[in-house]
Amino acid sequence: MTKSELIARLAERFPQLVAKDADLSVKMILDAMSEALAKGDRIEIRGFGSFSLNYRPPRLGRNPKTGAKVEVPAKYVPHFKAGKELRERVDLAANSVAE
Amino acid sequence: MTMTKAELADLLFEKVGLNKREAKDMVEAFFDEVRKALEIGDSVKLSGFGNFQLRDKPQRPGRNPKTGEEIPITARRVVTFHASHKLKSSVEETAHDQLQPAG
């Protein structure tokens, strides 16, 4: 499912709204979540999961072309942990298909 | 600060002009649709944000850490998230000079 498919499904679920509202809502939600993580905030969505930042310590890397050592500074990377409900539903659905 | 569905709903109320009820329902529906797609085995690609993918993991040997007893960890399907380059670089740029190493 892509972003435009998600927008289409939401537009279908909210026939009382104009199509532009679903489009704008999806963009707003994704922008707000990106901004929250960029600020260093956590995001907790009950029944879905949580987004947080993981710390990566500085390390010595190598320029693959020249072989020269380069210092890679410490950084944060986004991390998602699926919530209990999502985890269980995805696994259960997979098992019932397999059986 | 932790962002929750309530803050997202407030934002849709203020910025998109949905009423309170619609804003709350829209946020619920957003995560519900993503969850439904993942449940049927479909990956979700939200450009500029990231991709949610599914991985089928085979059974592997495990151990009860308390008793030391061996118990197999059953095969399972799990959700993984890969942040987009855009999200990774915005997190890198703004977060790394503000935050203390968090263990």
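Strands, hairpins and the interface

Author: In the hairpin of strand 3 and strand 4 of chain A, six residues lie between the strands, and Gly67(A) takes a positive phi near 80 degrees. The model is a predicted one. Strand 3 (residues 59–62) and strand 4 (residues 69–72) of chain A run antiparallel and are joined by four bridges. Within this pairing, Leu60(A) has Glu71(A), in strand 4 of chain A, as its bridge partner.

Chain B has a hairpin to set beside it. There, strand 4 (residues 60–63) and strand 5 (residues 70–73) of chain B pair in the antiparallel sense, over four bridges. Arg60(B) has Ile73(B) as its bridge partner in strand 5 of chain B. Six residues lie between the two strands of this hairpin, and Gly68(B) takes a positive phi near 80 degrees.

Strands of a sheet pair through backbone hydrogen bonds, either parallel or antiparallel. A pairing of the parallel sense is found between the chains: strand 1 (residues 42–45) of chain A and strand 1 of chain B pair this way over two bridges. Ile43(A) stands opposite Met3(B), which is in strand 1 of chain B. This pairing belongs to an open sheet of four strands, in the order 5(A)-2(A)-1(A)-1(B), with mixed pairing. Its edge strands are strand 5 (75–82) of chain A and strand 1 of chain B, each of which pairs on one side only.

Helix 2 of chain A is made up of residues 19–39. Its 21 residues reach 31 Å from the first C-alpha to the last, close to the 30 Å expected at 1.5 Å a residue. Gly40(A) follows helix 2 of chain A and has a positive phi, near 95 degrees.

Now the contact between the chains as a whole. Here 54 residues of chain B are in contact with 51 residues of chain A. The size of an interface is often given as the accessible area lost when the parts come together. For chain B and chain A the buried area is about 4,900 Å², and carbon and sulfur atoms give 71% of that area.

Polar contact across the interface of chain B and chain A amounts to 14 residue pairs, both residues of a pair being at pLDDT 80 or more. On the side of chain B that touches chain A, at least two residues each come from several elements of chain B, among them strand 1 (2–3), helix 1 (5–16), strand 3 (50–57) and helix 3 (85–95). Helix 2 of chain B gives the largest share of that side, 15 residues. By class, the side of chain B that touches chain A has 30 nonpolar, nine polar and 15 charged residues.

Side chains of opposite charge can pair when their charged atoms come close. Over all chains, the structure holds 17 salt bridges, and five salt bridges are found across the interface of chain B and chain A. Arg89(A) forms a salt bridge with Glu39(B), their closest N and O atoms being 2.8 Å apart. Arg13(A) forms a salt bridge with Asp32(B), where the closest N and O atoms are also 2.8 Å apart. This pair crosses between chains: Arg13(A) is in helix 1 (residues 3–13) of chain A, and Asp32(B) is in helix 2 of chain B.

Terms used
Residues numbered from 1 in each chain as written. Chains lettered and ligands numbered in written order. Predicted model: local features only at pLDDT ≥ 70, side-chain atom pairs only at ≥ 80, totals over all residues. Heavy atoms only, no water. Expected span 1.5 Å × (residues − 1). Contact = heavy atoms within 4.5 Å. Buried area = accessible area lost by both parts, 1.4 Å probe. Salt bridge = Lys/Arg side-chain N within 4 Å of Asp/Glu carboxyl O. Polar contact = N/O pair within 3.5 Å; in protein donor to acceptor, adjacent residues only side chain to side chain. Nonpolar A, V, L, I, M, F, W, Y, C, P; charged D, E, K, R; others polar. Pairing = 2+ DSSP bridges.
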